[in-house]
Amino acid sequence: MFVGRERELSKLNGMYQSGSFEFAVVYGRRRVGKTTLIREFMKDKQGYYYMSVEGAKKENLAGLSRAFLSQEDSLQETFEFKDYESMLGHLDTLAKSGKRLIVAIDEYPYLAVSYPVISSMLQSHIDNCWKDSSLFFILCGSSMSFMEEQVLGYKSPLYGRRTAQFKIQPFTFFEARQMLCGYQKEEQAVFYGVTGGIPEYLSHIQGDVSVHENIKQLFFDESGRLFEEPLNLMKQELKEPMTYHSIISAIAGGASRLNEIATKTGLETSGCSNQLVSLISLGIVKKEIPIAEPETSRRTIYRLADGMYLFWYRFVRPNTSAIIRGAGAQIYESLVLPQLNDFMGQIFEEICIQYLFQPSVYADLLFPAGKIGRWWGNNPKTRRQEEIDLMAVCEDQALFGECKWRNEKTDAAVVKCLLERGDLFAYRKKQFFVFSKSGFSQDAIDVSQGCGNVRLVDFDEM
């Protein structure tokens with residue numbers, strides 16, 4: 001069943017209807033659903049699809065030959081292009097036929113690594129033949145650094161040729177819910193958190209099994225689908241993954257500043273900084289600066305951007321040996337369950353941001369927020385560090401938010417605390433949101449009603 005990706009699919013179909021040459025670049029992290037999107041788009045349309053393999057150039061040429069053979073009755077069963085120029089020449093002929101054809105090459109980085117001149121060859125054929133044709137050409141890849149630098153980058157031969165690019169992101173919580181229809185809303189949020197919203201991981205959830213049994217089967221069993229997933233992904237993306245594992249573990253364990261991470265891993269600060277850049281490019285780590293401060297702020301911290309990595313490095317990696325020995329269920333019951341609400345705190349913050357960007361909610365914000373992030377800093381009155389979960393700024397207006405993933409109702413003290421933190425800033429207009437998993441006490445409701453610019457949002461409403 002195909003779910004989500006409505007905007008991407010609509011854009012691709014709109015491009016298809018143009019009848020002109022189109023060159024779409026589709027990229028994103030592994031397992032995020034790029035191939036599923038392309039196949040859904042190509043459904044009921046004439047075209048050719050090939051997934052490149054990590055091998056020699058001849059192996060990929062043979063695979064491309066088979067891809068064309070499967071669609072064209074005129075080609076003999078043993079047909080194989082003698083070289084890549086012959087293959088591209090065949091595409092020239094198809095392009096000149098006037099037919100609307102789709103040609104999609106998936107995992108393009110594998111093909112380009114096996115035959116590095118292919119990008120220059122594609123550039124030549126686009127410029128000299130395809131750009132005036134009805135060909136719809138798609139290049140897709142999971143190596144984000146390769147796709148951004150060697151397909152979209154200005155030094156690439158293909159630079160400036162694409163007519164659209166799609167960086168496929170993990171599902172939001174609201175999209176992921178479509179794959180979790182049989183579960184309660186809090187359970188859906190937990191599933192979203194531990195899978196990071198990755199469609200393939202969500203597809204392995206068994207609808208007739210409880211949320212806790214699913215998590216144990218996926219993560220805390222040595223044969224589980226996600227038991228070694230981050231290890232496998234890191235091996236595919238990075239040449240020397242071991243130090244990266246240490247960095248991610250340090251962040252999952254609470255280290256957030258560069259010097260803290262370097263100290264905890266035993267790495268030099270400069271080397272640690274370079275590796276953090278690589279992890280940020282992969283979408284695993286995010287760099288945060290207090291909202292409304294310049295990019296040069298020295299108060300930079302690092303957090304894990306992917307819920308699955310946060311869960312795995314916090315709970316699975318430290319207990320790998322015990323899980324292999326068959327103690328996974330006990331690990332989950334005794335160590336994970338008591339900390340699950342704490343883990344969900346960061347996940348709930350992200351869900352709340354996604355909620356604010358829902359069209360009907362976004363339209364009612366005090367101003368059209370461009371970026372919603374966190375703030376932390378010193379309170380001159382109390383002389384202690386304060387944090388605000390969500391904050392956005394536009395000229396002399398500001399939005400503030402507090403997110404509580406707790407089993408008890410959120411009381412007036414939380415609302416008053418957020419209002420006091422808002423007083424640290426001299427913006428002319430302010431809007432406050434308090435989000436709560438379990439609803440609000442009457443005194444919290446009374447305080448918010450007395451202010452006029454405070455909105456209480458419980459999880460049922462979200």
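Trainee: Which element gives the largest share of the lining of the second largest pocket?

Mentor: Keep in mind that this is a predicted model. Several elements supply at least two residues each to that lining, among them α13 (241-252), β8 (373-379) and β9 (384-394). The largest share is 6 residues, and the element behind it is α18.

Trainee: How many residues of that pocket's lining are charged?

Mentor: Start with the centre: of the 32 lining residues, the closest to it are Arg303, Gln346, Glu349, Arg374 and Glu387. The pocket itself has a volume of about 760 Å³. By class, the lining has 11 nonpolar and 7 polar residues, and the charged ones number 14.

Trainee: How many nonpolar residues line the second largest cavity?

Mentor: The residues closest to its centre are Leu64, Phe68, Leu91, Val103 and Ile105. At least two lining residues come from each of β2, α3, α4 (84-96) and β3. The lining has no polar and no charged residues, and the nonpolar count is 14.

Trainee: You mentioned β2 and β3. What is the order of strands in their sheet?

Mentor: It's an open sheet of 5 strands with parallel pairing. β2 (47-51) and β5 (164-167) each pair on one side only, so they sit at the edges by definition. From one strand to the next, the twist averages 10 degrees. The order is β2-β3-β4-β1-β5.

Trainee: Which residue in β4 is the bridge partner of Val103?

Mentor: Strands β3 (residues 102-106) and β4 (residues 136-141) run parallel and pair over 4 bridges. Helix α3 (residues 57-69) packs on the sheet, touching β2 and β3. As for Val103, its bridge partner in β4 is Phe137.

Trainee: Stepping back, what is the radius of gyration of the protein chain?

Mentor: The chain has 21 helices and 12 strands, and its C-alpha atoms fill a box of roughly 75 × 55 × 50 Å along the principal axes. For 462 residues, a compact globule would come out near 23 Å. The chain's value agrees with that, at 25 Å.

Definitions and conventions: Residues numbered from 1 in each chain as written. Predicted model: local features only at pLDDT ≥ 70, side-chain atom pairs only at ≥ 80, totals over all residues. Heavy atoms only, no water. 1 Å grid on protein atoms, 1.4 Å probe; cavity = no way out; pocket = protein on both sides within 12 Å on 5 of 7 lines; lining within 4 Å. Points joined across faces, edges and corners; volume = space filled by probe spheres on them. Nonpolar A, V, L, I, M, F, W, Y, C, P; charged D, E, K, R; others polar. Pairing = 2+ DSSP bridges. Axes fitted to C-alpha atoms, helices over the stretch in contact; angles between N-to-C directions. Contact = heavy atoms within 4.5 Å. Rg over C-alpha atoms; globule rule 2.2 N^0.38 Å.
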